[in-house]
Amino acid sequence: MSVRTLKIDDKDVAVEAGTSIMDAAKEAGVPIPKLCHLEGLTPVGACRMCLVEIEGLNKLLPACVTEVSEGMVIHTQTPKLQEYRRMNVELIFAEGNHVCSICVANGNCELQDVAIEVGMDHSRFPYRFPDRGVDLSHPLFGIDHNRCILCTRCVRVCDEVEGAHVWDVAQRGAACYIVSGLNQPWGEVDACTSCGKCVDACPTGAIFKQGSTTGEKQADADTLEFLYTAREKHQWTR
Amino acid sequence: MAKTVVIDPVTRIEGHAKISVFLDDAGQVSNAQFHVVEYRGFEKFCEGRPYTEMAGITARICGICPVSHLICSAKTGDKILAVQIPKAADKLRRLMNLGQITQSHALSFFHLSSPDFLLGWDSDPAKRNVFGLIAADPDLARAGIRLRQFGQKVIEILGGRKIHAAWTVPGGVREPLSEEGRAWIIERLPESFDTIRKALDIFKGLINGPMKEEVEVFGEFPSLFMGLVSQDGQWEHYDGHLRFADSNGNVVADGLSEDDYQDFLGEAVENWSYLKFPYYKPMGYPDGIYRVGPLARLNVCDRIGTPQADIELQALRDYAGGVPTSSFLYHYARLVEILACLEHIQLLMDDPDIMSPRVRAHAGVNALEAVGVSEAPRGTLFHHYKVDDNGLVQKVNLIIATGQNNLAMNKTVTQIAKHYIHSEDIPEGFLNRVEAGIRCYDPCLSCSTHAAGQMPLHVQLMAADGELIKEVYR
């Protein structure tokens with residue numbers, strides 16, 4: 001086993017080669033904000049919240065998909081990063097239709113938490129107010145595309161953990177949206193096992209249990225982490 | 001030359017509006033109009049949302065009376081689920097509505113209207129507000145503020161927060177009442193009774209003395225009254241059926257169901273206001289003018305059903321010599337209703353059902369169309385939803401209490417303007433009386449408009465050709 005030594009925010013860290021900066025930072029006790037990353041799922045670097053500065057490189061790199069290398073000196077909380085992160089969250093808010101006050105995830109939403117963390121008190125970008133729909137055709141769950149931030153956690157958890165691969169991403173750029181099956185109503189997709197892992201994986205109120213009212217969603221991302229450690233590390237206790 | 005006086009915006013009301021007073025060539029008032037000048041569009045943008053969200057969305061219509069929308073929307077949701085909600089949920093929703101009526105009426109009386117009564121119509125406008133009241137009579141002001149706090153705290157105890165509590169849901173409520181919450185309410189009730197008794201004594205003194213004229217001038221006219229009553233004709237605020245009564249105390253229509261509201265309520269539109277003009281359909285527009293709210297509820301019910309409030313209801317009827325028809329007596333009715341609310345809260349505190357943990361029924365979409373009704377502090381509120389098979393809202397119609405008093409408010413400002421204004425030279429205190437005619441109804445224009453920042457009084461004197469002759473700011 002080869003080891004890499006590096007510095008994250010002035011802390012000396014030694015981790016296995018191949019470890020991501022995100023995992024190295026976790027081991028060093030350095031928090032890095034994230035939205036699309038979920039322990040146990042393949043990292044994709046979709047949300048750009050975990051960008052870090054590495055000395056000697058003039059571009060910012062996402063911590064979740066960047067492997068550590070020997071002697072790296074990483075900064076996670078520079079003024080530049082803080083400004084970029086805030087701008088990033090503002091853009092996410094401006095892109096969709098996020099109305100916290102009436103959302104099922106109000107008070108239990110990772111996007112909301114991140115917005116507070118980066119100090120976003122308003123958006124400097126005009127809201128797009130896109131015309132998006134809600135699909136309540138599934139008997140147990142619903143998806144509100146207005147609240148989707150395209151993190152693709154649902155796509156990955158359904159494919160990699162449940163093995164059903166109900167979800168995918170359609171279109172390109174700003175027109176992207178999550179589809180179930182072959183762009184069918186969710187309730188008509190035979191592949192869906194109604195396991196609810198996508199509800200637990202969703203960082204916002206986009207995927208929720210039917211009948212939920214304001215602030216009632218209690219997503220349990222820990223369950224997914226438990227499934228991952230149980231399967232990968234054979235640890236069966238929580 | 002004919003002229004128009006514009007009071008814009010109207011102050012110490014909830015929402016944004018203006019009043020135009022039209023003067024004829026001789027400087028006499030020919031007409032007055034109450035305009036609601038903002039547009040919000042809730043009925044449109046709720047389309048496409050899950051019906052389970054409607055309580056949360058429609059509560060945002062208003063920060064003063066969100067509970068009314070929460071309750072009415074949840075009742076509409078109950079009908080979409082086609083369930084009978086648990087007994088405890090029914091009683092707890094009632095408890096919240098009683099807290100809401102108490103706090104809203106206390107706000108209207110003590111914070112918004114009593115400065116006129118206690119400091120005088122013609123007193124310094126800069127001090128004619130709740131702060132002036134605090135300076136003039138700190139004990140009464142404190143008692144009034146604490147009475148409102150009591151109502152707000154009842155809402156918070158049940159819903160976790162005072163404003164926009166996401167607690168009433170289709171099928172019932174989310175949380176039962178806690179022991180600590182019940183204990184707090186019981187402990188605070190006696191003080192609330194004392195305050196309302198004191199306010200009733202003060203107001204009775206006013207209308208038998210210095211404010212006798214206001215009773216005759218502020219919206220004294222015959223009209224229909226509409227409100228909910230219980231199956232046996234008692235005062236209601238949450239359930240029961242609708243009743244229309246006239247100014248002579250005759251019941252015009254009874255046993256009406258909210259499901260059929262379109263058969264007996266019409267909504268007219270005028271091009272000078274964003275607020276619609278509902279009317280009683282069988283009598284046509286505008287003859288079908290009816291009033292809703294505290295005075296209407298007291299006029300349609302046979303009795304209130306609690307001892308102290310029934311005595312006060314009789315005193316009100318005795319004062320008016322029959323059916324009270326002056327809108328100035330809305331203030332009186334509000335105080336009687338607070339007393340009724342406190343007595344009903346006391347009864348609920350002794351009811352073993354309210355501590356039950358079974359408060360929510362779960363079901364799917366079992367009806368595609370539903371109409372809910374409840375009594376908001378300002379009057380009867382209707383929510384009407386149509387949903388698709390999955391529960392996505394296709395169509396929404398909301399009939400707000402304040403809208404139903406629109407015809408009456410216009411009639412009231414005209415009556416007051418005609419009485420007090422006789423030339424272009426109008427003292428500020430007279431304009432304040434015109435505004436106060438609107439305040440009798442405690443209109444919640446936030447329910448159809450935005451409340452926008454500071455609201456100074458702005459009066460414009462306009463010539464018939466639109467030329468600005470005189471402008472006064474307060």
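A residue counts as buried here if 20 or more other C-beta atoms lie within 10 Å of its own. By that rule, helix α12 of chain B is mostly covered, with 16 of its 20 residues buried.

Helix α12 of chain B takes in residues 330-349. From its first C-alpha to its last it reaches 28 Å, close to the 28 Å expected at 1.5 Å a residue. One of the elements it meets is α4(B): the two axes come within 9 Å and cross at roughly 150°. The crossing is left-handed. On the α4(B) side the residues involved include B:Lys91, B:Arg94, B:Leu98, B:Ile101, B:His105 and B:Phe109. On the α12(B) side they include B:His331, B:Arg334, B:Ile338, B:Cys341, B:Leu342 and B:Ile345.

Helix α4 of chain B, residues 87-119, also packs with helix α6 of chain B, residues 138-159. Here the angle is about 155° and the axes are 8 Å apart. The two helices are therefore roughly antiparallel to each other, since angles over 145 degrees are counted that way. This crossing, too, is left-handed. Among the α4(B) residues that meet α6(B) are B:Leu92, B:Met96, B:Gly99, B:Gln103, B:Leu107 and B:Phe110. Their partners in α6(B) include B:Gly144, B:Leu147, B:Gly151, B:Val154, B:Ile155 and B:Leu158. B:Leu95, B:Thr102 and B:Ala106 are listed in the contact with α6(B) and again in the contact with α12(B).

Elsewhere in chain B, B:Val5 sits in strand β1, residues 3-7. B:Val5 counts as buried because it has 24 C-beta neighbours inside 10 Å. Between B:Val5 and B:Val393 there are 388 residues in sequence and 43 Å in space, C-alpha to C-alpha. A cis peptide bond, with omega about 0°, joins B:Tyr285 and B:Pro286. B:Pro286 belongs to the loop between β10 (277-280) and β11 (290-291) of chain B.

Turning to chain A, helix α4 covers residues 153-162, and its buried residues are A:Arg153, A:Cys154, A:Val155, A:Arg156, A:Val157 and A:Cys158. These pack against β8, β9, α5, β10 and α6 of chain A. Just after α4(A), A:Gly163 takes a positive phi of about 75°.

A:Gln171, with phi near 65°, is in the loop between β8 (167-170) and β9 (177-180). A:Ser194, at about 60°, is in the loop between β9 and α5 (197-201).

Last comes the confidence of the prediction. The model scores ipTM 0.85 and pTM 0.88. In chain B the mean pLDDT is 88, and 90% of the residues reach 70 or more. Over residues 447-459 of chain B, however, pLDDT stays under 50. For that stretch the model has 41 contacts beyond four places in sequence.

Note on methods
Residues are numbered from 1 along each chain as its sequence is written. Chains are lettered from A and ligands numbered from 1 in the order in which they are written. This is a predicted model: local features need pLDDT of at least 70, side-chain atom pairs count only at pLDDT 80 or more; totals for chains, interfaces and linings use all residues. Helices (H or I, at least four residues) and strands (E, at least two) are DSSP runs, numbered from the N terminus. The expected span of a helix is 1.5 Å times one less than its number of residues. A residue is buried if 20 or more other C-beta atoms lie within 10 Å of its own, exposed if 12 or fewer, and partly exposed in between; C-beta atoms are placed from the backbone. pLDDT is the predictor's confidence in each residue, from 0 to 100. Two residues are in contact if their C-beta atoms, placed from the backbone, lie within 7 Å. Axes are lines fitted to C-alpha atoms, for helices over the stretch in contact, and angles run from 0 to 180 degrees between N-to-C directions. Angles under 35 degrees count as roughly parallel, over 145 as roughly antiparallel, 65 to 115 as roughly perpendicular and the rest as oblique. A crossing is left-handed if the near helix is turned anticlockwise from the far one by less than a right angle, and right-handed if clockwise.
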